[in-house]
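Trainee: I would like to go through the charged side chains here. Can we take them one by one?

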Amino acid sequence: TGPGHEAVERMIQASAGDTPQQRRNAAMLETLFFLGLRSNELCSCDLKDLELDGDDKPKVWIMGKGHKQSVRLTMPKRIAEAIRLWLAVRGTEPGPAFNSFDRNGLLTMRRLRTCSVNWLVKKIAKAAGVPRNVWTHALRHAAITRVLDLNNGDVRAAQRFSRHKSMDMVMIYDDNRRDLQGQMANLLAGE
C-alpha cells in the first residue's frame with residue numbers, strides 16, 4: 001500500500017523550499033506520486049517531454065515500462081507549478097527534466113539516476129518523520145492505493161492511472177487495500 005497519502009504530503013512539505021535541491025525534490029516527489037510514476041519513467045523524462053504552457057491541462061510524455069513509444073499523461077496543475085519552480089532554477093537548456101547536483105551542490109546537466117531518486121526519497125521520508133521504510137516504488141504503491149480509495153475501488157480506472165498491462169496486478173492493490181485475506185480468515189474463524 002505504500003506510506004499513505006498523508007505521509008507523502010508530509011514528505012512533499014519537508015522537501016519544499018527555495019534552494020535548487022528543494023525545488024527539484026518537491027517537483028520530483030509530486031510528479032512521482034500524483035502521476036504514479038516509476039522511478040525510471042521520471043529519470044528518463046527530458047525537458048522536451050514537458051508541456052506546461054498552452055491549454056489549461058499540462059502534460060508530460062513518458063516512456064512507460066515495456067513501451068516502445070512515449071505516452072502522454074495529463075498532470076495536475078500543482079505538479080506543473082512545482083515543475084515551473086524547478087525549471088526557473090534549472091533553466092531551459094535541452095536535456096533531462098530532473099538533473100543531478102555535484103558534490104559541491106552545483107547543478108549539472110547529468111540525468112538524475114534511479115538509485116539517486118531512491119536515496120533522496122528515503123532521505124526526505126526520514127526528514128519528514130515517516131516511520132516506515134519508504135523507497136521510490138512505495139510512492140507508486142501509495143498513489144495506486146489512494147486512487148482506489150478515492151474512486152471506490154474502480155480497478156479499471158486505477159489500471160489506466162497506473163498503466164499496468166495486467167488487471168491482476170491492480171487487483172493485488174485492491175485486495176491489499178481492503179484486506180480481503182484478513183476478512184476471509186475472520187469469516188472462516190467465525191469472527
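Mentor: Start with a definition: buried means under 20% relative accessible area, exposed over 50%, and partly exposed in between. Keep in mind that this is a predicted model.

Trainee: Is Arg177 buried, exposed or partly exposed?

Mentor: The relative accessible area of Arg177 is 24%. Buried needs under 20%, and exposed needs over 50%. So Arg177 is partly exposed.

Trainee: Which residues are linked with Asp174 and Arg177 in a network of salt bridges?

Mentor: The network has an Asp and an Arg besides that pair.

Trainee: How many residues apart are Arg111 and Asp46?

Mentor: Their side chains meet in a salt bridge of 2.7 Å, N to O. Arg111 lies in strand E5 (residues 107–111), and Asp46 in the loop between helix H3 (39–43) and strand E1 (50–51). The pair links distant parts of the chain, and the separation is 65 residues.

Trainee: Lys48 and Asp49 meet in a salt bridge too. Is Asp49 buried or exposed?

Mentor: Lys48 is exposed at 66% relative accessibility. Asp49 has 11%. The cut-off for buried is under 20%, so Asp49 is buried.

Trainee: How many salt bridges does the count come to?

Mentor: The rule takes a Lys or Arg side-chain nitrogen within 4 Å of an Asp or Glu carboxyl oxygen. By this rule, the count is 11.

Terms used
Residues numbered from 1 in each chain as written. Predicted model: local features only at pLDDT ≥ 70, side-chain atom pairs only at ≥ 80, totals over all residues. Heavy atoms only, no water. Helix = DSSP H or I, 4+ residues; strand = E, 2+ residues; numbered from the N terminus. Buried < 20%, exposed > 50% of the residue type's maximum accessible area, 1.4 Å probe, protein only.
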